[in-house]
Amino acid sequence: MTDKSKLLSILEKVLPKDIPAEITLLSESRQETQMGHNHLVQGSRQEKMFVRVRAEARGRVGEETTNVLSLPSLRQAVARARKRAEIGRPGPLILTPGKGYREMSLAPAATSEQSPQARAALLAPLADLAGKANLLIDASLWANVGELAIVNTLGLAAHTKAALAEFEISVASATGPGRGYGYFCHRNAEELDVMTPFLAAAAKCQASEKQLPLPAGEYTVILEPAAVADLMGITAKIFFDGRAFAENRAPFPKLGAKLFAEQLTIWDDSLDPQGLQLPFDFEGVPKQRLNLVNRGIIQAVCLDNETAAGLKTVSSGHAALPGTDAPIPRHLAVEAGNAMLDDMIASTKRGILVSRLHNVSILDARAALITGTTGCGTLLVEEGKLTAALPNLRFVQDLTLALNSIEMTGDETKLFGGLWEGFLAPALKLNRFSFLTGNTGQV
Amino acid sequence: MTILEQLLNYGLDAAMAGGAEYAELTAVDIEEKKLHMQNARLASSGNREAGISVRLIAGGRWGFAAGPAANKTNLSRLVKAALEGARVQPPPVFSAGLSTVIPAQGSWTGPCVRDPFAIPDSQLAELLRAADQAMAIEGVSIRQGNLHFRREHRYYVNSEGSSNSQTFTYTGGSICALAFGQGEIQQRSWPSPGGSYAKEGYEYIEELDLPGHGRQIAQEAVALTKAPSCPQEALDLVLTGSLLASQVHYTLGYRLQLGMPGAVHPQQASRLKLSSSAITIYADAALTGGAGSFGFDSEGVKAQSFPLLENGRIVNFLSGRETAAAAGRFSGGCMRSGCWLEPPVPWMTNLVIKPGTCSLAELAGGIERGLLLDTPRVFGVSPDLRGFAAQAELGWLIEDGVITHMVKNPFYRGNSRAFWSGCDAAAAAAHQKNLGLMDKGIAVGHSIVPVRIRGVRVGDSR
């Protein structure tokens with residue numbers, strides 16, 4: 001990473017003086033130590049640089065990107081963006097004024113300086129334990145470090161650094177159908193807990209020695225926090241994407257409609273210290289909390305500068321990561337309830353415990369219809385107890401209906417994230433979730 | 001020797017001096033141009049990037065590092081990171097091993113008759129505008145068109161004496177019409193929702209004829225909002241177009257990527273039929289214009305052409321040097337990476353279905369009650385890759401061998417082997433089409449002929 005003032009001055013130096021323009025720089029370094037089937041298999045490091053120039057010339061906007069951070073390369077990118085504007089989208093390029101944002105310290109040195117040896121040392125005990133318990137683990141440890149800087153011709157000069165240590169593990173029984181999944185992340189690598197997710201995933205593996213097929217039908221599901229985070233990812237695209245709302249692709253015509261169960265309250269807040277903070281969005285708009293769903297009523301959608309202008313309002317601070325497209329919530333939190341996961345299981349006569357959702361796709365955004373499969377551990381619940389493993393199950397589900405059938409909400413949220421985003425998700429018990437026939441290899 | 005080649009050799013020397021048993025370095029230089037039009041509103045963007053990746057074995061383990069290295073200092077840092085990544089403790093139980101190859105040197109340039117970067121942007125915009133106007137009919141709410149061009153110069157060296165330089169031109173395009181019905185969105189795309197790609201020049205865009213297909217897909221999107229639902233029953237299917245490409249890609253190709261999660265293990269191969277005898281598939285990395293074509297793979301192994309499935313039986317795999325060595329084979333030259341920042345993996349190149357003898361009319365003619373399906377709206381696979389689910393954008397109902405009317409939301413799923421075991425015919429070479437899709441950033445070519453699958457349970461996804 002570079003010095004903040006030096007970096008901003010390089011970007012400001014190449015910023016055109018005669019036309020509206022914006023330069024966004026995003027650099028990321030990702031170090032990974034990977035374990036496959038209880039053995040360390042590979043260490044890798046990836047360094048990514050991304051500079052986006054947006055410029056308005058003669059009423060049109062052009063965009064150009066490069067990964068070479070040098071004055072000549074940046075000047076060429078500016079010149080190309082200007083030229084590209086000749087056939088670009090109609091302007092204006094709406095820029096964020098250079099007003100203040102909250103400075104945050106988001107990049108502990110312990111993460112950026114974590115060595116491959118330190119990561120290997122964290123993974124080694126898991127391999128020993130897994131071997132003794134006849135389990136096979138695939139796991140990765142990542143140390144991510146990033147830097148984001150935005151300057152524009154309205155005087156904006158925003159800058160932040162971020163770091164994130166992540167651990168992800170999938171555990172499989174070497175002899176049976178049991179599967180489990182675990183995840184943990186923290187800005188500070190020294191705070192990374194790998195043992196708790198491993199033990200929880202291992203326990204789930206061992207709780208399921210036999211596997212049963214499942215007839216098609218509507219079931220009660222208990223979605224563990226990781227599965228809720230997966231579901232919220234697709235919920236964000238369908239319900240909270242401001243561009244989809246503006247283009248009438250959303251499943252509701254106007255805000256204020258009661259769509260979901262009373263128990264559901266969702267907001268986006270990248271200033272929450274419990275989550276993964278970020279002071280401003282990718283257009284430099286200072287972040288603030290946005291209430292999306294309040295007691296089942298949809299309150300807001302996410303906007304960037306351009307979408308907001310189309311709706312004659314102001315950005316909510318949700319400009320997307322360069323290279324992605326729509327303004328959607330990236331720091332989404334689902335309000336916790338008061339149920340423990342054990343209570344959810346104990347209160348279920350017949351249902352399904354789901355660890356994760358896999359490959360979730362939108363069949364029809366307006367109908368909020370999605371499909372995907374369960375993964376990394378799906379268990380049958382009968383008479384309040386986990387009784388058998390199930391194969392991965394294919395679901396086709398009306399998401400509005402599912403989120404309108406919340407019976408219980410978990411009492412604690414877990415954090416799932418990336419360098420520039422983070423979801424806080426509790427477990428949810430839903431009474432309506434439709435699965436197709438579930439036999440091994442038929443999802 | 002160019003400056004870049006000198007830099008690669010410097011990095012190679014540094015890796016070997018640092019204790020690597022094997023090392024390979026790849027440098028890329030990329031130029032890209034994208035145009036997107038939605039409802040006559042054009043957006044244009046470009047991209048330039050360059051970088052180097054270092055992949056090595058040290059102490060029996062793989063190490064990998066990649067970054068925008070433009071000088072010796074940055075490259076030395078990458079080499080050091082790759083060596084550190086490989087030398088994690090404790091010592092390896094299994095050392096990484098590579099299959100033997102004869103070192104290859106050379107250069108390769110993909111076909112490009114009309115350089116897309118030499119075509120004026122105004123001409124590209126005009127093409128999208130013509131397609132947009134063709135789709136502008138009552139009932140269509142959103143019209144989209146996309147063009148994507150990418151030129152990549154790639155330089156490679158390894159410690160066994162292989163070296164090559166390659167130049168690829170990727171060209172892709174698509175159009176899409178969205179019509180809003182009562183609480184639903186119906187979509188029609190050409191030739192597929194994500195676009196079809198070829199390693200060719202602008203001539204591929206001309207071949208796709210986006211404006212020429214605009215009116216038809218727009219009309220179909222509107223008609224779908226009023227069409228009856230897909231019947232829920234077991235029907236015979238004729239699969240074609242980009243849906244068939246996806247079906248082959250996700251339910252056959254994925255199973256043959258040796259060593260990848262969900263792939264068939266070589267020891268199972270002799271006992272396992274992945275499909276009926278009607279299906280024979282070749283991997284052909286040298287297919288002219290194929291999206292997955294190249295001169296050398298990411299390990300410097302020359303492009304190859306070989307059968308993968310013969311009459312449904314597995315006869316070979318898509319392999320790289322490490323996975324081939326583990327299976328006692330030679331590399332199939334199939335190591336690929338979607339982005340220079342990612343380590344390469346065994347992946348599909350171009351998959352070619354061997355044509356059969358039927359005409360399309362004969363395929364449909366042999367069906368009492370069935371569906372003709374062409375373009376995927378959603379295609380998903382299960383985590384273990386053994387099952388899949390698909391929804392086509394539209395279906396044409398076939399009754400007594402004749403196409404009668406369109407149905408909406410046709411959804412089907414199943415076990416991949418069971419599905420393909422129902423294939424009883426492939427169409428003749430006259431119906432062959434080349435399509436290319438991007439999966440995880442890797443361009444894969446599919447040369448397809450329509451196929452007929454018997455007895456598939458279908459229904460409306462709702």
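Predicted model: local features only at pLDDT ≥ 70, side-chain atom pairs only at ≥ 80, totals over all residues.
Local features are reported only at pLDDT of at least 70 and side-chain atom pairs only at pLDDT 80 or more, while totals for chains, interfaces and linings use all residues. Residues are numbered from 1 along each chain as its sequence is written, chains are lettered from A in the order in which they are written, and side-chain values use heavy atoms, with hydrogens and water left out.

**View 1. The interface of chain B and chain A.**
In this view 63 residues of chain B are in contact with 53 residues of chain A, where contact means heavy atoms within 4.5 Å. The two chains bury about 4,800 Å² between them, and 54% of that area lies on carbon and sulfur atoms; buried area is the accessible area (1.4 Å probe) that two parts lose on being put together, summed over both. Within chain B, the residues that lose the most area to chain A are Arg41(B), Arg48(B) and Arg413(B), which together account for 13% of what that side buries.

In the salt bridge between Glu47(A) and Arg77(B), the closest N and O atoms are 2.8 Å apart. On the side of chain B that touches chain A, strand β2 (residues 41–58) of chain B gives the most, with 10 residues; helices (H or I, at least four residues) and strands (E, at least two) are DSSP runs, numbered from the N terminus. That side of chain B divides into 28 nonpolar, 19 polar and 16 charged residues, with Ala, Val, Leu, Ile, Met, Phe, Trp, Tyr, Cys and Pro counted as nonpolar, Asp, Glu, Lys and Arg as charged, and the others, Gly among them, as polar.

**View 2. Strand pairing between chain A and chain B.**
Strand β3 (residues 60–66) of chain A pairs with β2(B) in the parallel sense over 4 bridges, two strands being taken to pair if DSSP finds at least two bridges between them. Within this pairing, Glu63(A) stands opposite Ser45(B) in β2(B).

**View 3. The two domains of chain A.**
Chain A is divided into domain 1 (4–118 + 138–167) and domain 2 (217–435), with bounds that come from an automatic or database domain assignment. The C-alpha centres of domain 1 of chain A and domain 2 of chain A lie 28 Å apart, and the contact takes 32 residues from domain 1 of chain A and 23 residues from domain 2 of chain A. The area buried between these domains is about 2,200 Å², of which carbon and sulfur atoms give 72%. The count between the two domains is 2 salt bridges; in the salt bridge of Arg89(A) with Glu306(A), the closest N and O atoms are 3.7 Å apart. The domains also have 5 residue pairs in polar contact between them, both residues at pLDDT 80 or more. On the side of domain 1 of chain A that touches domain 2 of chain A, the largest share, 7 residues, comes from β6(A).

**View 4. An open sheet in chain B.**
Six strands with mixed pairing form an open sheet in the order β12-β11-β10-β15-β24-β23 (chain B). Because β12 (313–314) and β23 (433–439) of chain B stand at the edges, each with a single partner strand, one side of each is left without a neighbour in the sheet. Strand β10 (residues 281–284) of chain B runs antiparallel to strand β15 (residues 350–353) of chain B, joined by 3 bridges, and Ala283(B) has Leu351(B) in β15(B) as its bridge partner. β11(B) and β12(B) form a hairpin with 2 residues between them, and Asn311(B) in the turn has a positive phi of about 50 degrees.

**View 5. Backbone details in loops.**
Most residues other than glycine have a negative phi, and most peptide bonds are trans. A cis peptide bond, with omega about 5 degrees, joins Gly91(A) and Pro92(A), and Pro92(A) is found in the loop between β4 (89–90) and α3 (109–112) of chain A. The peptide bond from Trp190(B) to Pro191(B) is also cis, with omega near -10 degrees. His37(A), which is not a glycine, has a positive phi of about 50 degrees and is placed in the loop between β1 and β2 of chain A.

Key. Salt bridge = Lys/Arg side-chain N within 4 Å of Asp/Glu carboxyl O. Polar contact = N/O pair within 3.5 Å; in protein donor to acceptor, adjacent residues only side chain to side chain.
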